[in-house]
Amino acid sequence: MEWEPRAYQIEREMIRRFARAIGDPNPLWQDEEYAGASHCGGIIAPPTFILAIGFEQFVEEVLALASFGTVLMGGTELECYQHIRLGDLITVIFKISNLRQRQGKMGKMAFMTFDSSYKNQRQELVAKCRQMVIGY
Amino acid sequence: MPPDGYRLLGRRLFEMTEQLYYEDVTTGSEIAPLVKQPTTRQLVMWAGAVGDYLPIHYDKDFAQSRGLPGVIVHGQLIGAFLGQLMTDWIGELGSLRKLSCSYKGMNYPGEALTCKGKVTKKYVENERHYVECSLWAENSKGEKTASGMAIVILPSRS
C-alpha cells in the first residue's frame, strides 16, 4: 500500500526548530552568513531532518490503519544522497512494505515496516528512509 | 539561551573544530562521545519540531496505560542525537550517507545519554572515501538503549 505523495516547502523556521530540539548548535543549520561562506554555500538541514518531513501525517495514517492505542518506533534506516536546502520543495511518498501481527501481553501487536522516498523540486532523489514501527 | 547567544556559541564551537580527513581515521578508533540529557521540555520541543504528538511522550498516565513505566524519550530523537554525533565528527566537508539505528530499550527524560561510535571499516570506491562506524547510545547504567551504524564520505588529503 502506498499513500498519496505530499509536498513540503522547507522553511528556515522548520530547520531552526529541528536543530534546537536536538540541541545541535552547528551553524550550518542556522547561521546564514556562516553557512553561505562554507563549502555548503548556504543553510542546509541536518541529515536527520528527513525524519521530520511529513511525519505528522505519517503517524496519523499509521494510527488510522488499525485502532492502535499507540505506536513505538523500533528502528530507523536513513540513506541520504544530497543536502536538503532552505527553500527546497520535498515530495515524500510513504508505503507499507511489511506487516506481521502477533499476540503480546498488551493484546494484539503489529510489527510494520514503512519505506519512504524524498525527492526535491528537480525530481532528484534526496533520501530514502525505512522505519520499523510497533503498533499496539 | 537567547538566539544570539546560541548562534555565537555554535560558531565559536565550530571554528575550533578542525576538518576531519580520511587519512586521519583508523579502524577501531573511537569517536568523541556526545552527552545529552533530554528533559521533558526537550521532548516537547522535539514533538513540535517533527509533529510527533503521541501521548506516550508527554502524558504519564497514558504512557502507563500502554504498559510503560512513564513518559519515554522519542526513539527518533536518539537517532537524531546519533546523527549529530556524526555531523559534528565529519565536519562540513564530510557527508553522512547512511544512518541506521534500532531502539532496543526505553530512555526516560532526566536520564543522561551518551552517544558513542567506533570506526569499523574504511575503503575507497569510485574515488570516494568511505568510513563505516558502529554507533550506540548508553544510559547512565551503561546499558545500550539504541545501536546502529553509519556510513560517511570524508574528504581526502591526496
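I take a polar contact to be a pair of N or O atoms within 3.5 Å. The model I am reading is predicted.

**Entry: A:D31**

I looked up where A:D31 sits. Next I looked for a partner of its side chain. A polar atom of the A:D31 side chain lies 3.2 Å from the backbone nitrogen of A:E33.

**Entry: chain A against chain B**

I turned to the contact between the two chains. Chain A puts 44 residues into the contact, and chain B puts in 44 residues. I read the buried area between chain A and chain B as about 4000 Å², with 59% of that from carbon and sulfur atoms. I searched this interface for salt bridges and the rule gave zero. For polar contacts across the interface of chain A and chain B, the rule gave 13 residue pairs, both residues at pLDDT 80 or more.

I listed which elements of chain A give two or more residues to the side that touches chain B: α1, α2, α3 (55-65) and β2 (71-80). Of these, β2(A) gives the most, with ten residues. By kind, I sorted the residues on this side of chain A into 24 nonpolar, twelve polar and eight charged.

**Entry: the strand pair**

I followed β2(A) across to chain B. β2(A) runs antiparallel to strand β2 (residues 95-103) of chain B, and five bridges join them. In this pair I noted A:T76 opposite B:C101 of β2(B).

Technical notes:
Residues are numbered from 1 along each chain as its sequence is written. Chains are lettered from A and ligands numbered from 1 in the order in which they are written. This is a predicted model: local features need pLDDT of at least 70, side-chain atom pairs count only at pLDDT 80 or more; totals for chains, interfaces and linings use all residues. Side-chain values use heavy atoms; hydrogens and water are left out. A polar contact is a pair of N or O atoms within 3.5 Å; within protein, one must be able to donate a hydrogen and the other to accept it, and residues adjacent in sequence count only if both atoms are side-chain atoms. Contact means heavy atoms within 4.5 Å. Buried area is the accessible area (1.4 Å probe) that two parts lose on being put together, summed over both. A salt bridge is a side-chain nitrogen of Lys or Arg within 4 Å of a carboxyl oxygen of Asp or Glu. Helices (H or I, at least four residues) and strands (E, at least two) are DSSP runs, numbered from the N terminus. Ala, Val, Leu, Ile, Met, Phe, Trp, Tyr, Cys and Pro count as nonpolar, Asp, Glu, Lys and Arg as charged, and the others, Gly among them, as polar. Two strands pair if DSSP finds at least two bridges between them.
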